[in-house]
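Here's a walk through a protein model, written for someone who likes to check side chains for themselves. Have the viewer open as you read.

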Amino acid sequence: MPILLLTADSHLVCMRISLEETITRLKRGEVVAIPTETVYGLAADARNDAALREIYAVKERPANNPLIVHLADVSQVPLWASVFSPLAEKFAKAFWPGPFTLVLPARDEVSTIVRAGEATVALRVPNHALTLQLLQMSGLSLAAPSANKYTHLSPTTASHVEASLGHDVAVLDAGACQVGIESTIVSVHDDAWQVLRHGVISEAEITAVAGTPAMTTSPSHGETTSRPKAPGQHHLHYAPRTPTYVFNDLASLQSKLNGLLQTHLTGAVLAIGEATLPSAPLTVHLNLTPQAVAEALYAALHRLDQLKADAILVLLPPDLPEWAAIRDRLSRAGHGDQR
Ligand code: TXA
Ligand code: MG
(Lines give C-alpha, C1' and ligand atoms only; values in the text may rest on other atoms or scores of the structure.)
(Ligands and ions follow the chains in the order given, each with its own letter.)
Protein backbone atom coordinates (compact mmCIF):
# COMPACT_ATOMS: atom_id res chain seq x y z
CA MET A 1 0.00 0.00 0.00
CA PRO A 2 1.28 3.51 -0.77
CA ILE A 3 1.95 5.72 2.23
CA LEU A 4 -0.22 8.80 1.95
CA LEU A 5 1.00 11.76 3.95
CA LEU A 6 -1.84 14.06 4.88
CA THR A 7 -1.77 17.63 6.09
CA ALA A 8 -3.88 18.78 9.03
CA ASP A 9 -6.68 19.72 6.65
CA SER A 10 -6.41 16.31 4.99
CA HIS A 11 -5.03 17.47 1.66
CA LEU A 12 -2.97 14.83 -0.04
CA VAL A 13 0.59 16.16 -0.03
CA CYS A 14 2.52 13.29 -1.53
CA MET A 15 2.52 9.64 -2.42
CA ARG A 16 5.62 7.79 -1.21
CA ILE A 17 5.56 4.08 -1.98
CA SER A 18 7.55 1.01 -0.97
CA LEU A 19 9.95 -0.99 -3.15
CA GLU A 20 7.37 -3.78 -3.55
CA GLU A 21 4.64 -1.32 -4.56
CA THR A 22 7.08 0.32 -7.00
CA ILE A 23 7.70 -3.03 -8.68
CA THR A 24 3.96 -3.81 -8.85
CA ARG A 25 3.19 -0.47 -10.45
CA LEU A 26 6.06 -0.60 -12.94
CA LYS A 27 5.00 -4.11 -14.01
CA ARG A 28 1.45 -2.79 -14.52
CA GLY A 29 2.87 -0.23 -16.95
CA GLU A 30 2.67 2.77 -14.65
CA VAL A 31 5.33 5.45 -14.10
CA VAL A 32 7.05 5.87 -10.72
CA ALA A 33 9.70 8.40 -9.69
CA ILE A 34 12.79 6.57 -8.46
CA PRO A 35 16.04 7.70 -6.83
CA THR A 36 19.43 7.42 -8.48
CA GLU A 37 22.78 8.73 -7.29
CA THR A 38 22.52 11.66 -9.75
CA VAL A 39 18.92 12.93 -9.73
CA TYR A 40 15.46 11.35 -9.33
CA GLY A 41 14.20 9.71 -12.53
CA LEU A 42 10.64 9.21 -13.79
CA ALA A 43 10.77 5.49 -14.49
CA ALA A 44 8.79 3.10 -16.68
CA ASP A 45 9.31 -0.35 -18.18
CA ALA A 46 11.59 0.33 -21.17
CA ARG A 47 9.87 -2.44 -23.19
CA ASN A 48 6.34 -1.12 -22.71
CA ASP A 49 5.47 1.53 -25.31
CA ALA A 50 2.32 2.70 -23.52
CA ALA A 51 4.32 3.22 -20.31
CA LEU A 52 7.04 5.07 -22.26
CA ARG A 53 4.41 7.39 -23.78
CA GLU A 54 3.22 8.15 -20.26
CA ILE A 55 6.71 9.40 -19.33
CA TYR A 56 6.63 11.91 -22.20
CA ALA A 57 3.07 12.96 -21.27
CA VAL A 58 3.78 13.48 -17.55
CA LYS A 59 6.98 15.43 -18.28
CA GLU A 60 5.43 17.33 -21.23
CA ARG A 61 8.61 16.37 -23.05
CA PRO A 62 8.86 16.54 -26.86
CA ALA A 63 8.88 13.11 -28.52
CA ASN A 64 12.25 13.83 -30.20
CA ASN A 65 14.19 13.75 -26.92
CA PRO A 66 15.29 10.15 -26.20
CA LEU A 67 15.37 8.46 -22.78
CA ILE A 68 18.15 6.70 -20.86
CA VAL A 69 17.57 2.98 -20.15
CA HIS A 70 18.76 1.92 -16.67
CA LEU A 71 20.14 -1.61 -16.39
CA ALA A 72 20.87 -3.88 -13.39
CA ASP A 73 24.34 -4.72 -14.69
CA VAL A 74 26.66 -4.70 -17.68
CA SER A 75 25.61 -8.20 -18.81
CA GLN A 76 22.35 -6.67 -20.10
CA VAL A 77 24.00 -4.32 -22.59
CA PRO A 78 23.79 -6.79 -25.52
CA LEU A 79 20.00 -6.96 -25.06
CA TRP A 80 19.86 -3.29 -26.08
CA ALA A 81 22.99 -2.47 -28.10
CA SER A 82 23.86 -4.08 -31.43
CA VAL A 83 27.55 -3.22 -30.97
CA PHE A 84 29.40 -3.26 -27.64
CA SER A 85 32.89 -2.36 -28.79
CA PRO A 86 35.99 -3.05 -26.67
CA LEU A 87 36.22 0.70 -25.93
CA ALA A 88 32.60 0.85 -24.74
CA GLU A 89 33.24 -2.21 -22.56
CA LYS A 90 36.29 -0.52 -21.10
CA PHE A 91 34.18 2.53 -20.16
CA ALA A 92 31.46 0.32 -18.64
CA LYS A 93 34.04 -1.52 -16.58
CA ALA A 94 35.64 1.73 -15.37
CA PHE A 95 32.52 3.79 -14.63
CA TRP A 96 29.61 1.43 -13.87
CA PRO A 97 27.73 1.37 -11.66
CA GLY A 98 27.96 5.14 -11.71
CA PRO A 99 26.93 8.53 -13.12
CA PHE A 100 27.91 7.61 -16.67
CA THR A 101 25.69 6.95 -19.70
CA LEU A 102 26.83 5.13 -22.83
CA VAL A 103 25.16 5.91 -26.17
CA LEU A 104 25.58 2.86 -28.40
CA PRO A 105 24.09 1.58 -31.70
CA ALA A 106 20.64 0.17 -30.86
CA ARG A 107 19.30 -3.27 -31.68
CA ASP A 108 16.46 -3.07 -34.19
CA GLU A 109 13.86 -4.29 -31.71
CA VAL A 110 14.55 -1.47 -29.18
CA SER A 111 11.42 0.67 -29.00
CA THR A 112 11.62 3.73 -31.25
CA ILE A 113 9.84 5.63 -28.47
CA VAL A 114 12.62 5.12 -25.93
CA ARG A 115 15.25 6.20 -28.45
CA ALA A 116 13.05 8.87 -30.06
CA GLY A 117 13.73 7.49 -33.51
CA GLU A 118 17.53 7.59 -33.14
CA ALA A 119 19.68 4.68 -34.35
CA THR A 120 21.33 4.64 -30.94
CA VAL A 121 20.23 3.88 -27.39
CA ALA A 122 21.46 5.43 -24.10
CA LEU A 123 22.33 2.95 -21.31
CA ARG A 124 23.35 3.37 -17.68
CA VAL A 125 23.89 1.17 -14.61
CA PRO A 126 23.15 3.54 -11.71
CA ASN A 127 25.13 3.43 -8.48
CA HIS A 128 22.26 3.45 -6.02
CA ALA A 129 21.64 0.49 -3.72
CA LEU A 130 17.84 0.69 -3.64
CA THR A 131 17.49 1.25 -7.37
CA LEU A 132 19.88 -1.60 -8.15
CA GLN A 133 17.71 -3.77 -5.90
CA LEU A 134 14.65 -2.56 -7.81
CA LEU A 135 16.25 -3.42 -11.16
CA GLN A 136 17.40 -6.84 -9.95
CA MET A 137 14.18 -7.84 -8.16
CA SER A 138 11.84 -6.67 -10.92
CA GLY A 139 13.89 -8.02 -13.82
CA LEU A 140 12.89 -4.84 -15.67
CA SER A 141 15.06 -2.35 -17.52
CA LEU A 142 13.82 1.13 -16.70
CA ALA A 143 13.65 4.13 -18.98
CA ALA A 144 14.03 7.16 -16.74
CA PRO A 145 14.55 10.81 -17.63
CA SER A 146 14.92 13.26 -14.78
CA ALA A 147 11.62 13.50 -12.84
CA ASN A 148 10.74 17.11 -13.65
CA LYS A 149 8.66 18.94 -16.24
CA TYR A 150 10.52 19.56 -19.49
CA THR A 151 13.17 22.34 -19.19
CA HIS A 152 12.63 22.72 -15.42
CA LEU A 153 15.12 22.11 -12.63
CA SER A 154 16.07 18.50 -12.01
CA PRO A 155 15.00 16.97 -8.67
CA THR A 156 17.42 15.71 -6.05
CA THR A 157 14.76 14.97 -3.39
CA ALA A 158 11.27 13.46 -3.41
CA SER A 159 9.85 16.89 -2.52
CA HIS A 160 11.46 18.40 -5.63
CA VAL A 161 9.73 15.70 -7.73
CA GLU A 162 6.37 16.54 -6.20
CA ALA A 163 6.93 20.28 -6.63
CA SER A 164 7.49 19.80 -10.37
CA LEU A 165 5.23 16.87 -11.30
CA GLY A 166 2.48 17.17 -8.68
CA HIS A 167 1.25 14.82 -6.00
CA ASP A 168 -0.30 12.17 -8.24
CA VAL A 169 3.10 10.82 -9.22
CA ALA A 170 4.20 7.99 -6.90
CA VAL A 171 7.73 8.34 -5.52
CA LEU A 172 10.14 5.75 -4.17
CA ASP A 173 11.83 8.03 -1.63
CA ALA A 174 15.44 7.35 -0.66
CA GLY A 175 16.42 10.81 0.58
CA ALA A 176 18.70 13.27 -1.21
CA CYS A 177 20.81 12.23 -4.21
CA GLN A 178 24.53 12.07 -3.48
CA VAL A 179 25.96 13.16 -6.86
CA GLY A 180 23.38 15.83 -7.55
CA ILE A 181 23.73 16.51 -11.28
CA GLU A 182 22.87 14.29 -14.23
CA SER A 183 25.23 11.62 -15.60
CA THR A 184 28.02 12.27 -18.06
CA ILE A 185 26.82 11.07 -21.49
CA VAL A 186 29.36 9.59 -23.92
CA SER A 187 28.65 8.18 -27.35
CA VAL A 188 30.92 5.44 -28.66
CA HIS A 189 31.32 4.35 -32.27
CA ASP A 190 33.90 1.57 -32.53
CA ASP A 191 37.09 3.16 -31.17
CA ALA A 192 35.90 6.81 -31.26
CA TRP A 193 34.07 8.60 -28.48
CA GLN A 194 32.48 11.96 -27.73
CA VAL A 195 31.07 13.65 -24.64
CA LEU A 196 27.43 14.61 -25.32
CA ARG A 197 26.76 15.97 -21.83
CA HIS A 198 29.22 16.87 -19.07
CA GLY A 199 28.86 15.40 -15.59
CA VAL A 200 30.96 14.63 -12.54
CA ILE A 201 32.93 12.01 -14.46
CA SER A 202 35.17 14.41 -16.35
CA GLU A 203 36.50 14.35 -19.89
CA ALA A 204 40.01 13.96 -18.40
CA GLU A 205 39.00 10.77 -16.55
CA ILE A 206 37.36 9.38 -19.67
CA THR A 207 40.41 10.21 -21.78
CA ALA A 208 42.60 8.39 -19.25
CA VAL A 209 40.50 5.24 -19.60
CA ALA A 210 40.18 5.50 -23.41
CA GLY A 211 43.86 6.17 -23.97
CA THR A 212 42.86 8.50 -26.84
CA PRO A 213 41.23 11.94 -26.80
CA ALA A 214 37.59 12.53 -27.75
CA MET A 215 36.99 12.79 -31.48
CA THR A 216 36.19 16.24 -32.78
CA THR A 217 34.90 15.30 -36.22
CA SER A 218 31.38 14.11 -36.84
CA PRO A 219 31.65 10.71 -38.57
CA SER A 220 28.46 11.17 -40.59
CA HIS A 221 29.00 14.68 -41.95
CA GLY A 222 32.73 15.16 -41.80
CA GLU A 223 32.20 18.54 -40.12
CA THR A 224 34.17 19.72 -37.15
CA THR A 225 31.86 19.56 -34.16
CA SER A 226 33.88 20.16 -31.05
CA ARG A 227 30.85 19.93 -28.78
CA PRO A 228 28.06 17.76 -30.20
CA LYS A 229 24.71 17.87 -28.44
CA ALA A 230 22.51 15.11 -27.18
CA PRO A 231 19.27 15.42 -29.17
CA GLY A 232 16.56 17.47 -27.55
CA GLN A 233 18.91 19.40 -25.27
CA HIS A 234 17.22 22.76 -25.11
CA HIS A 235 19.38 25.86 -24.59
CA LEU A 236 17.01 26.72 -21.74
CA HIS A 237 17.09 23.65 -19.54
CA TYR A 238 17.46 23.05 -15.82
CA ALA A 239 15.71 26.39 -15.37
CA PRO A 240 14.12 27.85 -12.25
CA ARG A 241 10.77 29.60 -12.84
CA THR A 242 12.22 32.86 -11.56
CA PRO A 243 14.04 34.72 -14.38
CA THR A 244 17.68 33.73 -13.95
CA TYR A 245 20.77 35.59 -15.13
CA VAL A 246 24.29 34.19 -15.11
CA PHE A 247 27.51 36.21 -14.80
CA ASN A 248 31.18 35.46 -15.20
CA ASP A 249 32.28 38.23 -12.86
CA LEU A 250 31.10 39.85 -9.68
CA ALA A 251 31.13 43.42 -11.06
CA SER A 252 28.51 42.59 -13.72
CA LEU A 253 26.37 40.74 -11.20
CA GLN A 254 26.60 43.68 -8.78
CA SER A 255 25.59 46.13 -11.49
CA LYS A 256 22.51 44.03 -12.38
CA LEU A 257 21.63 43.75 -8.69
CA ASN A 258 21.93 47.52 -8.22
CA GLY A 259 19.63 48.05 -11.21
CA LEU A 260 17.02 45.77 -9.66
CA LEU A 261 17.22 47.42 -6.26
CA GLN A 262 16.88 50.92 -7.78
CA THR A 263 13.60 49.89 -9.36
CA HIS A 264 12.41 48.27 -6.10
CA LEU A 265 12.80 44.75 -7.39
CA THR A 266 14.42 41.90 -5.48
CA GLY A 267 17.33 39.76 -6.58
CA ALA A 268 18.39 36.45 -5.03
CA VAL A 269 22.03 35.51 -5.54
CA LEU A 270 23.72 32.15 -6.03
CA ALA A 271 27.50 32.51 -5.94
CA ILE A 272 29.88 29.66 -6.67
CA GLY A 273 33.53 30.00 -5.69
CA GLU A 274 35.61 32.27 -3.58
CA ALA A 275 34.07 35.65 -4.32
CA THR A 276 33.50 38.26 -1.65
CA LEU A 277 29.81 38.73 -2.01
CA PRO A 278 27.58 41.78 -2.41
CA SER A 279 25.37 42.54 0.54
CA ALA A 280 22.27 40.96 -0.95
CA PRO A 281 19.81 39.69 1.63
CA LEU A 282 18.90 36.57 -0.34
CA THR A 283 22.23 34.91 -1.01
CA VAL A 284 23.44 31.32 -1.21
CA HIS A 285 27.20 31.00 -1.40
CA LEU A 286 28.66 27.63 -2.38
CA ASN A 287 32.38 27.97 -1.79
CA LEU A 288 33.00 24.24 -2.23
CA THR A 289 34.73 21.71 -4.49
CA PRO A 290 33.07 20.96 -7.86
CA GLN A 291 31.70 17.64 -6.54
CA ALA A 292 30.26 19.23 -3.42
CA VAL A 293 28.72 22.06 -5.48
CA ALA A 294 27.14 19.43 -7.78
CA GLU A 295 25.54 17.72 -4.81
CA ALA A 296 24.09 20.98 -3.46
CA LEU A 297 23.34 22.79 -6.75
CA TYR A 298 19.72 21.89 -7.57
CA ALA A 299 18.61 22.08 -3.93
CA ALA A 300 20.08 25.62 -3.79
CA LEU A 301 18.31 26.63 -7.02
CA HIS A 302 15.01 25.10 -5.84
CA ARG A 303 15.35 27.06 -2.58
CA LEU A 304 16.13 30.35 -4.35
CA ASP A 305 13.20 29.76 -6.72
CA GLN A 306 10.85 29.37 -3.76
CA LEU A 307 11.84 32.81 -2.48
CA LYS A 308 9.90 34.25 -5.44
CA ALA A 309 12.35 37.10 -5.93
CA ASP A 310 12.08 39.07 -9.17
CA ALA A 311 15.33 37.57 -10.43
CA ILE A 312 17.98 35.02 -9.55
CA LEU A 313 21.54 36.18 -10.26
CA VAL A 314 24.18 33.48 -10.56
CA LEU A 315 27.93 34.01 -10.30
CA LEU A 316 29.53 31.22 -12.34
CA PRO A 317 32.59 29.27 -11.20
CA PRO A 318 35.80 29.76 -13.24
CA ASP A 319 35.92 28.54 -16.84
CA LEU A 320 38.11 25.52 -16.03
CA PRO A 321 37.64 21.85 -17.03
CA GLU A 322 36.72 20.74 -13.50
CA TRP A 323 33.78 23.16 -13.52
CA ALA A 324 32.49 22.24 -17.02
CA ALA A 325 29.42 20.29 -15.84
CA ILE A 326 28.36 22.95 -13.32
CA ARG A 327 28.86 25.78 -15.84
CA ASP A 328 26.85 23.84 -18.43
CA ARG A 329 23.86 23.40 -16.08
CA LEU A 330 23.96 27.00 -14.87
CA SER A 331 24.34 28.49 -18.34
CA ARG A 332 21.20 26.66 -19.41
CA ALA A 333 19.31 27.91 -16.37
CA GLY A 334 19.56 31.51 -17.61
CA HIS A 335 16.62 33.38 -19.15
CA GLY A 336 18.53 36.61 -19.61
CA ASP A 337 20.94 37.84 -22.25
CA GLN A 338 23.90 37.00 -20.00
CA ARG A 339 23.31 33.35 -20.76
O1 TXA B 1 21.77 11.07 -14.43
C2 TXA B 1 20.97 10.93 -15.37
O3 TXA B 1 21.37 10.74 -16.54
C4 TXA B 1 19.48 11.01 -15.05
C5 TXA B 1 19.11 9.84 -14.15
C6 TXA B 1 17.64 9.75 -13.87
O7 TXA B 1 19.61 8.66 -14.69
N8 TXA B 1 18.69 11.00 -16.25
C9 TXA B 1 18.62 12.07 -17.09
O10 TXA B 1 17.75 11.87 -18.13
O11 TXA B 1 19.25 13.07 -16.93
P12 TXA B 1 17.25 13.07 -19.08
O13 TXA B 1 16.21 12.46 -19.93
O14 TXA B 1 16.85 14.24 -18.28
O15 TXA B 1 18.48 13.34 -19.97
C16 TXA B 1 18.89 12.36 -20.88
C17 TXA B 1 19.69 12.95 -21.97
C18 TXA B 1 18.88 13.80 -22.92
O19 TXA B 1 19.55 15.01 -23.14
C20 TXA B 1 18.88 12.99 -24.21
O21 TXA B 1 18.92 13.83 -25.31
C22 TXA B 1 20.14 12.14 -24.08
O23 TXA B 1 20.21 11.84 -22.72
N24 TXA B 1 20.00 10.90 -24.84
C25 TXA B 1 19.19 9.87 -24.58
N26 TXA B 1 19.28 8.95 -25.55
C27 TXA B 1 20.18 9.40 -26.43
C28 TXA B 1 20.71 8.90 -27.67
N29 TXA B 1 20.30 7.76 -28.18
N30 TXA B 1 21.62 9.65 -28.30
C31 TXA B 1 22.05 10.81 -27.78
N32 TXA B 1 21.58 11.35 -26.63
C33 TXA B 1 20.66 10.65 -25.97
MG1 MG C 1 16.49 16.15 -17.63
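Predicted model: local features only at pLDDT ≥ 70, side-chain atom pairs only at ≥ 80, totals over all residues.

Residues are numbered from 1 along each chain as its sequence is written, chains are lettered from A and ligands numbered from 1 in the order in which they are written, and side-chain values use heavy atoms, with hydrogens and water left out.

**The sheet**

Let's begin with the strands. Helices (H or I, at least four residues) and strands (E, at least two) are DSSP runs, numbered from the N terminus. Two strands pair if DSSP finds at least two bridges between them. Eight strands make up an open sheet with mixed pairing, in the order β3-β4-β8-β5-β7-β6-β9-β10. The edges belong to β3 (32-34) and β10 (192-197); each has a single partner strand, so one side of each is left without a neighbour in the sheet. As a reminder, strands of a sheet pair through backbone hydrogen bonds, either parallel or antiparallel.

Strands β6 (residues 100-105) and β9 (residues 184-189) run parallel and are joined by 4 bridges. Val103 has Ser187 in β9 as its bridge partner. Helix α7 (residues 203-210) packs on the sheet and touches β6, β9 and β10, with its direction at about 165° to that of β10. Contact here means heavy atoms within 4.5 Å, and axes are lines fitted to C-alpha atoms, for helices over the stretch in contact, with angles running from 0 to 180 degrees between N-to-C directions.

**Aromatic rings and charges over them**

Rings of Phe, Tyr and Trp (its six-membered ring) pair if their centres lie within 6.5 Å; planes under 30 degrees apart count as stacked, over 60 as edge-to-face and the rest as tilted. By that rule the whole structure has 5 aromatic pairs. Phe91 and Phe95 are stacked, because their ring centres are 6.4 Å apart and their planes at 25°. Both sit in helix α4 (residues 86-95), 4 residues apart, about one turn of the helix. Together with Phe100 and Trp193, Phe91 and Phe95 form one aromatic cluster.

How buried are they? Buried means under 20% relative accessible area, exposed over 50%, and partly exposed in between (1.4 Å probe, protein chains only). Phe91 is buried at 0%, and Phe95 is buried too, at 9%.

A charge sits over a ring if NZ of Lys or CZ of Arg is within 6 Å of the ring centre and within 35 degrees of the ring normal. Lys256 places its charged end over the ring of Tyr245, 4.0 Å from the centre. Arg329 does likewise with Tyr238, at 5.3 Å from the ring centre.

Have a look at the loop between α4 and β6, where Pro97 is found. Trp96 and Pro97 are joined by a cis peptide bond, with omega about -10°. Ala116 isn't a glycine, yet its phi is positive at about 50°. Ala116 lies in the loop between β6 and β7 (120-124) and is buried at 16% relative accessible area. Thr151 also has a positive phi, about 75°, without being a glycine; its place is the loop between β8 (142-143) and α6 (158-165).

**Salt bridges**

A salt bridge is a side-chain nitrogen of Lys or Arg within 4 Å of a carboxyl oxygen of Asp or Glu. The structure has 12 of them, including these:

| Pair | N to O distance |
|---|---|
| Arg16 and Glu162 | 3.0 Å |
| Arg329 and Glu182 | 2.7 Å |
| Arg327 and Asp319 | 3.6 Å |

Arg16 in strand β2 (residues 12-16) and Glu162 in helix α6 are 146 residues apart, so to speak linking distant parts of the chain. Arg16 is buried at 17% relative accessible area, and Glu162 is buried at 6%. Arg329 in helix α10 (residues 324-332) and Glu182 in the loop between α6 and β9 also link distant parts of the chain, 147 residues apart. Arg329 is buried at 1%, as is Glu182 at 5%. Finally, salt bridges that share partners tie Glu21, Arg25, Arg28 and Glu30 into one network.
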